[in-house]
Amino acid sequence: MTSQLSPDIAFMTRFRSVNDNAEAELNRARDTASLEAWRIKYLGRRGQLSELTQQLGKLTLDQRRDWGPLVNNVKSTLEAKFAAAQNALERQAADAKLASDQLDVTLPGRPVTLGRLHPVTQMVREICAAFTSMGFDVVEGPEVEWERYNFDLLNIPRDHPARDMWDTLWIDWTDPTPEGRRMLLRTHTSPMQGRIMEKAKPPIRVIVPGKVFRHEATDARHEWHFYQVEGLAVDKDITFADLKGTLYEFARRIFGADRRIRFRCDYFPFVEPGVDVSVDCFICKGTGVMSNGHGCRVCSATGWLEIMGAGMVHPNVFKAVGYDPEEYTGFAFGMGPERIAMLKYGIDDIRHFYANDVRFLRQF
Ligand code: FA5
């Protein structure tokens, strides 16, 4: 004998089991994945509540009137509980994230490392500022230079013995033109004198900071690459007194009024007369002798440190760039910012600047 449940009883049994199971399983859903699986199982398009709604169709009209609202009621109750469970889970996740992200304000901060300008860059800028405040313009030029500007235009023709004053690093390159031009790493910033005068008409008042290179052995005062700042002033009636006045003012601004400064005759082929300018040595205070009685290593026991060469522009240089030396006069100078920084900060070896030891560099 087979027993057949009436559709009414069968529906009621199914309704109860769906209702009970749905609630129990929803309470057990602990994460988003199981919550989503629950939604698909009960509230999805092919879920158990849709199935129940379809089964309503097998009941009589009266039974449908009784069961219809109940099914709807259960559906909306389950939807509300699902939404609440979902909210609770989201809140839990947000709380957990907040807790793990919490800042411990008592932890020591990480120090921020500040970059700084290299002491030679600072010195070059300071020198430029001293001259710009006196009305000079700043121009820059190429580090790889033609022999013509580095030597020829400066009254130093080929085979002139004065070329030995600058041990030159030549560029390994052959000029295909008949002129057979030669290139080099500029040995000083003076080549910019010719470049500037070729292009501009007086009055000229410029300074040229830049790197220079020489094929020479290094020691406490000599690097094979270093900076120079060139100066050039050309106009009618410029005299040696203007040069002295400008350099005294420069030394006063950089070293203060107490520092002694010395002009001595010197030879540079592109100036006449030529001088070298020195400042009294900061280590031996101009005596030439150190506190231990030995001769001063920094100034070679002379008491003076040479910081620049200078002089009145040679008439041959004016002629080479097409200026009339009867009409114009001018002065030029070329200084070494490393040497000036050594004097200013009491540094006893120029090689510290380019040894890249941050313990040294951090002091500036
Ligand atoms: C010159 O280079 C000339 N061009 C300067 C000049 C310009 C004279 C205009 C007249 C008119 P000198 O070789 O002396 O001159 O170098 C000039 C300055 O550069 C020196 O006084 C010194 O301060 C610096 N200097 C020279 N050689 C070195 C070196 N090997 N290392 C560091 N500084 C140096």
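Visitor: Before we zoom in, how far apart do the C-alpha centres of domain 1 and domain 2 lie?

Guide: Keep in mind that this is a predicted model. The C-alpha centres of domain 1 and domain 2 lie 91 Å apart. The domain assignment puts domain 1 at residues 7–100. Domain 2 covers residues 119–361.

Now to the ligand. Look for the largest pocket, as the ligand sits there. A shell of 26 residues surrounds the ligand. The closest of them are His 188, Ser 190, Arg 214, Glu 223 and Glu 306. Sort the shell by class and you get 11 nonpolar, eight polar and seven charged residues.

Which strands build this shell? Three of them, β6, β9 and β10, each supply at least two residues. In residue numbers, β6 runs 225–235, β9 runs 304–313 and β10 runs 329–335. The largest share comes from β9, with five residues.

Next, go down to single atoms. Start at Ser 190, one of the closest residues. An N or O atom in the side chain of Ser 190 is 2.8 Å from a nitrogen atom of the ligand. Then find Gln 228. An N or O atom of the Gln 228 side chain lies 3.1 Å from an oxygen atom of the ligand. With Ile 307, look at the backbone instead. A polar backbone atom of Ile 307 is 3.0 Å from an oxygen atom of the ligand. How much of the ligand does the protein bury? Taken alone, the ligand exposes 670 Å², and the protein buries 95% of that.

Finally, follow the chain through some backbone details. Begin in the loop between α7 (191–199) and β5 (204–213), where Pro 203 lies. The peptide bond from Pro 202 to Pro 203 is cis, with omega near 5°. Another cis peptide bond joins Glu 272 and Pro 273. Its omega is about -5°. Pro 273 is not in a loop but in strand β8, residues 271–280. Lys 285 is not a glycine, yet it has a positive phi of about 55°.

Technical notes: Residues numbered from 1 in each chain as written. Predicted model: local features only at pLDDT ≥ 70, side-chain atom pairs only at ≥ 80, totals over all residues. Heavy atoms only, no water. Near = heavy atom within 4 Å. Polar contact = N/O pair within 3.5 Å; in protein donor to acceptor, adjacent residues only side chain to side chain. Areas by Shrake-Rupley, 256 points an atom, 1.4 Å probe, with all protein chains shown as cover. 1 Å grid on protein atoms, 1.4 Å probe; cavity = no way out; pocket = protein on both sides within 12 Å on 5 of 7 lines; lining within 4 Å. Sits in = over half its atoms within 2 Å of the grid points. Helix = DSSP H or I, 4+ residues; strand = E, 2+ residues; numbered from the N terminus. Nonpolar A, V, L, I, M, F, W, Y, C, P; charged D, E, K, R; others polar. Domains from an automatic or database assignment.
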